[in-house]
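Colleague: I am new to this structure. Could you show me how to read its salt bridges?

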Amino acid sequence: KPSHTDYEVIATAPKDSAKPKYSLLRVTLHTGRQHQIRIHAAHHGHPLVGDWVYGEPCGDLPGQALHAAILGFAHPRTGEPITIEAPFPEPLEQLWARLLAGADLIPSTLNADQRSKLGRNQSSGVRRPAWLTEVEFEALQREFGNR
C-alpha cells in the first residue's frame, strides 16, 4: 500500500565529523503503515539504531532508537485535535551524547528467534523481513533497485 513519510536530519554524530555515522531525524508520518518509519529510514540511508530487521542489532538498547516526541490526531468521537508530547527518554539521551562524542555502538548478536525471522536475498545478501515473501521481496528489489 502507498505510504508517505517526510523526514529531516536534525543533527549528525560524531559531532563535527566529515563522515557522520548516525543521524537524529525528525519524522512526519502522513500515513500509518506497519514498519513505515523503519522501512523509510533504512531506505534513505538512516536505519534505526537497534533495528535488527532493517538495520543492525545493538546492545545499547532493548529495542529501536525510536521515540514519539509529539503525537497529534483527531479525537475519534468529537473530532477535536489531541496533541500528546513526551520528553526524550534518558536512555536515548545518554546514547546520543555518547554517539556525538564519537563512541561506537555496543555490538549485539541476534537470538535464535530473531535469526529465524530473517531471510536473506540470495543475490544481494540484503535482509528480507519475515512478513514479506521471497517473491514479493524480489519484485520490490527489481522495482526500486537495491539501494
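Colleague: Is Asp60 buried or exposed?

Modeller: This is a predicted model, and the values are computed from it. Buried means under 20% relative accessible area. Asp60 has 19%, so Asp60 counts as buried.

Colleague: Which residue forms a salt bridge with Asp60?

Modeller: Arg98 does, with the closest N and O atoms 2.7 Å apart. Arg98 belongs to helix H2 (residues 90-100), while Asp60 sits in the loop between H1 and S3, so the bridge ties together parts that are 38 residues apart in sequence. Arg98 is partly exposed, at 32% relative accessibility.

Colleague: How many salt bridges does a search of the whole structure find?

Modeller: The search finds 4. One of them joins Glu8 and Arg26, where the closest N and O atoms are 3.3 Å apart. That pair links distant parts of the chain, 18 residues apart: Glu8 is in strand S1 (residues 5-13) and Arg26 is in strand S2 (residues 22-29).

Colleague: What is the relative accessibility of Glu8, and what is the relative accessible area of Arg26?

Modeller: Glu8 is at 42% and counts as partly exposed. Arg26 is partly exposed too, with 48%.

Colleague: Which residue does the side chain of Arg38 meet in a salt bridge?

Modeller: Asp51, at 2.8 Å from N to O. Because Arg38 lies in helix H1 (residues 36-43) and Asp51 in the loop between H1 and strand S3 (70-74), this pair ties together parts 13 residues apart in sequence. Arg38 is buried, with a relative accessible area of 14%. Asp51 is buried as well, with 1%.

Definitions and conventions
Residues are numbered from 1 along each chain as its sequence is written. This is a predicted model: local features need pLDDT of at least 70, side-chain atom pairs count only at pLDDT 80 or more; totals for chains, interfaces and linings use all residues. Side-chain values use heavy atoms; hydrogens and water are left out. Helices (H or I, at least four residues) and strands (E, at least two) are DSSP runs, numbered from the N terminus. Buried means under 20% relative accessible area, exposed over 50%, partly exposed in between (1.4 Å probe, protein chains only).
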